[in-house]
Amino acid sequence: MQLDFTLEQDELRDGVRTMLTNECPMALVREVFEKGTRADALWAHMVELGWPALTVPETAGGLGLGAVELAVVVEELGRVMAPGPYLATVTEFAAVVREVGDDAQRQRFLGAVAAGEITGALALAEGSGSFDPAQVTATAITEGDDVVLTGTKHFVLDGATADEVVVVARAPGTAGDDGLGAYVVPGAQLAAEPVAALDRSRPIAAVALNDVRVPRDRVLGAPSGPSAPGLRRAVEEATVALALDTVGTCQTIFDVSLEYAKHREQFGVAIGSFQAIKHKFADMAILLERARATGYFAALTIAEDDERRSIATSMAKAAAGDAQARIAKEGIQVHGGIGFTWEHDMHLWVRRVTSNAALFGTAAEHRARVATAIGL
């Protein structure tokens, strides 16, 4: 297992960081957050540079790169809190189609993602908030050549704006991993209701499945084939991507807070010279590097389809959750009164990492999964 970044991966990081520094200032994030505007120009620039094609197989018109390259990109997106459909489209929608769909469906949907012709989303979680496919209760009933979907989905990232939405549902009378299926539904056919999310730069919706009819060519994979293994692989990819997005934002909180501590003076000296402040930054640095290391290790296990990928994924999400909880708190505290103001960007970063902590399982939930996996 290669644990060092390649030259190409380092160059990818440099290119992504340069583009986002120029094209995604905090002024853009604030405009999206406060006015609800769309970051269409930023998305168009990503498409022009081929970012949506990153993990799409070459046979479907993509670049055919892996989870590590995707991790590099999403960490940089997290650094600038980049708005737009990238995370939902590439790490969720495209991952499910790639893992569960057949060759024709990959050509159809992933080719369109790679070309920037469509955006996507994943409707998986329901009222319980669980992102475990085995907990799905929405039903898929076959009627002739169509499948009729019924149920309600929650916490759907970009659920109200995506062009295509993968909906996970199950055959009536089944439970656990049995009977699960994935269905691609045009966003216009879904009753999606935006929710008042903590992080308004990353919109979330509730989706009502009111007897939505899905034709056979939009049923991913074989009609009666096992979808659960592919769904789990896709969810792991999305979870690791979200963890590294959190790492990127935590790095920004750390960097901004450190710079502030170097220049903010009390009693005639910089507050960063106080031992108590130094201890805060030492603790934050350890948590941040732990989260980054576990995140990239998890990305490597996914790239190599290592048998440890499920445990590594949960460890990455748990470590990211631990980091965000401490770094968000200390970032505000180091800034003092200004850290609580609307005018400072701190609350935007804190909202992003706090929202990420709840999506695709909390740190506590993932630690419980690890405990179960190792027999505790």
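At 42% relative accessibility, D40 counts as partly exposed, a class that lies between buried (under 20% relative accessible area) and exposed (over 50%), with a 1.4 Å probe and protein chains only. The structure is a predicted model, in which local features need pLDDT of at least 70 and side-chain atom pairs count only at pLDDT 80 or more, whereas totals for chains, interfaces and linings use all residues. Residues are numbered from 1 along each chain as its sequence is written, and side-chain values use heavy atoms, with hydrogens and water left out.

D40 forms a salt bridge with R38, the closest N and O atoms being 3.2 Å apart; a salt bridge is defined as a side-chain nitrogen of Lys or Arg within 4 Å of a carboxyl oxygen of Asp or Glu. R38 is exposed, its relative accessible area being 57%. Across the whole structure, 32 salt bridges are found.

The side chains of R352 and D245 meet in a salt bridge with an N to O distance of 3.9 Å. Because R352 belongs to helix α10 (residues 346-358) and D245 to helix α7 (residues 228-263), this pair ties together parts that are 107 residues apart in sequence. R352 is buried at 0% relative accessibility, and D245 is buried with a relative accessible area of 1%.

A further salt bridge joins E75 and R13, whose closest N and O atoms are 3.2 Å apart. E75 lies in helix α4 (residues 67-79) and R13 in helix α1, so that distant parts of the chain, 62 residues apart, are linked. Both E75 and R13 are buried. These two residues are members of a network of salt bridges that also includes R17, E76, R79, D255, E289 and R292.

Strand β4 (residues 164-170) is mostly covered, with 7 of its 7 residues buried; strands are DSSP runs of E, at least two residues long. From β4, E164, V166, V168 and R170 point one way, while V165, V167 and A169 point the other way. Strand pairing requires at least two DSSP bridges. Strand β1 (residues 120-123) pairs with β4 in the parallel sense over 4 bridges, and E164 in β4 is the bridge partner of G120. Strand β5 (residues 180-186) runs antiparallel to β4, to which 7 bridges join it; here P186 in β5 is the bridge partner of E164.
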